[in-house]
Amino acid sequence: GIRRCAGGSYLLLPRFCLLDLFLDRLAPCRRGIGQQLHDQPVGQAQVDRLDGARQDRLVALEPGKLGEADTALLDLVEGSFETIGALIDACKLRAALIETLTVAREVNRYLDEQAPWFQIKEDRAAAARTVYVALRAIDSLKILTNPFLPFSSQALHEMLGYEGSIF
């Protein structure tokens, strides 16, 4: 899965996609990674072995030098805290939610344009940078969405490797 390090960087498994992490955490029961990925029933011992393999294959995501699109997205997310906070303070909750969803759409657009699932085949550094920037944006989105989706943002908080309550 993903782990947050003390220095603010993230750890990610190279052989499993981010979707695996979300499916693992959100699955109502632990039927197993194999069944989700290959539609084959897998015993609990095999799932435990896969989970152990995941933990042994963690690598650090080093973002390197951020590009224009990376910086623009992170600036947008950072700037949205003031805007959305002011809307919430003014009790304009619908407008705050719309603004939050707009930021989330921009993060999705960034991921679609950068396509780290294709970048990894040609440029591992670019893919690492894209995933790093997306994770930083998602880390901020969990705070922005907390007033509207407290349980989901707490679950995301834990998925990103944090412990304890989001606030």
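Trainee: In what order do the elements of the chain run from the N terminus on?

Mentor: They run β-β-α-α-α-β-α-α-α-α-α, with helices (H or I, at least four residues) and strands (E, at least two) taken as DSSP runs numbered from the N terminus. This is a predicted model, in which local features need pLDDT of at least 70, side-chain atom pairs count only at pLDDT 80 or more, and totals for chains, interfaces and linings use all residues. Residues are numbered from 1 along each chain as its sequence is written, and side-chain values use heavy atoms, with hydrogens and water left out.

Trainee: Which residues touch the most other members of the largest nonpolar core?

Mentor: Leu-73, Val-77, Val-107 and Val-133 do, in a core of 19 residues. Helices H4 (68–89), H5 (93–114) and H7 (124–144) each give two or more residues to this core, and H7 supplies the largest share, eight residues. Such a core is a set of buried Ala, Val, Leu, Ile, Met, Phe, Trp, Tyr and Cys residues joined through side-chain atoms within 4.5 Å; buried means under 20% relative accessible area with a 1.4 Å probe, protein chains only.

Trainee: And what is Val-107 in contact with, leaving aside neighbours within four places in sequence?

Mentor: Leu-73, Val-77, Ala-137, Ile-138 and Leu-141, where contact means heavy atoms within 4.5 Å.

Trainee: Turning to H4, where does it bend?

Mentor: H4 bends by about 30 degrees at Ser-80, the angle being between axes fitted to the seven residues ending there and the seven starting there. Ser-80 is also among the buried residues of H4, whose cover includes H5 and H7.

Notes: Buried < 20%, exposed > 50% of the residue type's maximum accessible area, 1.4 Å probe, protein only.
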